[in-house]
Amino acid sequence: MKARDFKLSSHLRFIIPSLIGVFLFMYPIIGDDGSVTIPIAILAGWVETWLAGQLSLIMTIIITITAIGTVWVKLAGPERLNNTPFFKSLFNVPPVWVVTRVLGMIFAIMVYFQIGPEAITSENTGGLLLDSLLHVLFAVFLFAGLFLPLLLNFGLLELFGVVLTKIMRPLFKLPGRSSIDSLASWLGDGTIGVLLTSKQYEEGYYTKREAAVIGTTFSVVSITFSLVVITEVGLADMFIPFYLTVALAGFVAALIMPRIPPLSRKANTYVTEEADDDNEEVPGHHNVFTYGYAKAVEQGSKSTGVKEFFKQGGQNILDMWMGVAPIVMALGTIALVIAEFTPFFSWLGTPFIPLLELMQVPYAQEASETILVGFADMFLPALIGASIESEMTRFIIACLSVTQLIYMSEVGGLLLGSKVPVDLKDLFIIFLERTIITLPIITLVAHLIF
């Protein structure tokens, strides 16, 4: 079928929502301080500021309701919710997530009421999550969840899926539509990329392998947060060489990671377990763009009304709040406690000292302590490394912390809480592999700059 075979209303059903979606999720807006953001992030920032005094309580309530609802479903039986399949899927989770949700509730209550050991309630552990990160996630999820259907349901992914497949397939072994995920992450936030990926995987657009690759490779740290990291280590004036270095190292990692385990061993089947037989060939009577546009208009013509749009958006928000926040609170707190109160990550970093010395990185021992602590939280390496005297070493630490990508206090926790088929062992191996791949590239560039 060709695009001209559709009515004008079908074209508009694709064009108007997609343009609104592109504007909200991808249009770069430069702030007064020179920072780059997107409209979704601005809306989230307004809500975060408006509800600043109440968000810790709101998130504690959401996490508590999630845990109680999950335990009730396990005790009463999931068949009680047969009439509401959305809530059945939300609360009927495997036993490991039941425990994690209850643990998240306990940690949230302890932090909010400041009861229990300081290791959990400290502003550097549980407090960092409940009083800072979860504020951001509440606001981002509110708008990202509501407006996500604009990117997913009206044809934009079909257009990019066809047009960019010739680039994404040979380079990254991914469908063209994954380019939207990476662009939204780059301009907005890694969380948005994870949410996009998870939703498309659940709807059968990505195989298990593709979802795992996109979620762990393309849900990149936003430009905005990258600026925060380089500022923390006192090198804000070097933001452009810093971000170009991050982009180069990240690109090389994206070429290699899909081709090595554990990502290469993920099944190339969809959630329905069917084999991957998706045909991406462009029919002879089309070129790439006309075929992509025709598929986009066809998808737009199938879109439902405003009521269904807001219903789906509301379900997205609840799914994100209740599915992800308890996981982030539970696993993020544990990871931060280990990082803050034990020498565990310092021990893990010891094997990197000879490598850093071989690459002639100044203050190799101090730098080694920051290398693996980023698995707990991406900001920790910058905090720990900010006092190192060498600018070159601080530059390397900042670049590495951003390119490592997997950190449990946000992207890692989100991936574990999503439907993307990766587990904790996968995430740690991927984190190590990204470290080993990107560290030499970053160090080489640092030697050229400094």
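I take the expected span of a helix as 1.5 Å times one less than its number of residues. The model is predicted.

**Helix H5**

I started with H5, residues 95-113. I counted 19 residues and found 27 Å from the first C-alpha to the last, close to the 27 Å expected. Next I listed its buried residues: Val98, Thr100, Arg101, Gly104, Met105, Phe107, Ala108, Met110 and Val111. What covers them? I found helices H3 (55-76), H4 (85-91), H6 (118-121), H7 and H16 (306-341) included in the cover. Gln114 follows H5, and I noted its positive phi, near 50°.

**Helix H21**

I ran the span check on H21, residues 391-404. Its 14 residues should span 20 Å at 1.5 Å a residue, and the end C-alpha atoms are 20 Å apart, so the two agree. I found 13 of the 14 residues buried, so H21 is mostly covered. At the N-terminal end I looked for a cap and found Ser390, with a side-chain oxygen 3.4 Å from the backbone nitrogen of Met392. After H21 comes Leu405, where phi is positive, near 70°.

**Nonpolar cores**

I then turned to the largest nonpolar core, which has 131 residues. Which members touch the most others? I got Phe25, Leu134, Phe141, Phe147, Phe242 and Met329. Helix H7 (residues 126-152) gives this core its largest share, 17 residues. Another core lies apart from it, with six residues, including Phe6, Leu159, Tyr293 and Ala296.

I looked up the contacts of Leu134, leaving aside neighbours within four places in sequence. They are Met59, Ile63, Leu129, Ala325, Val328 and Met329.

Note on methods. Residues are numbered from 1 along each chain as its sequence is written. This is a predicted model: local features need pLDDT of at least 70, side-chain atom pairs count only at pLDDT 80 or more; totals for chains, interfaces and linings use all residues. Side-chain values use heavy atoms; hydrogens and water are left out. A nonpolar core is a set of buried Ala, Val, Leu, Ile, Met, Phe, Trp, Tyr and Cys residues joined through side-chain atoms within 4.5 Å. Buried means under 20% relative accessible area, exposed over 50%, partly exposed in between (1.4 Å probe, protein chains only). Helices (H or I, at least four residues) and strands (E, at least two) are DSSP runs, numbered from the N terminus. Contact means heavy atoms within 4.5 Å. A polar contact is a pair of N or O atoms within 3.5 Å; within protein, one must be able to donate a hydrogen and the other to accept it, and residues adjacent in sequence count only if both atoms are side-chain atoms.
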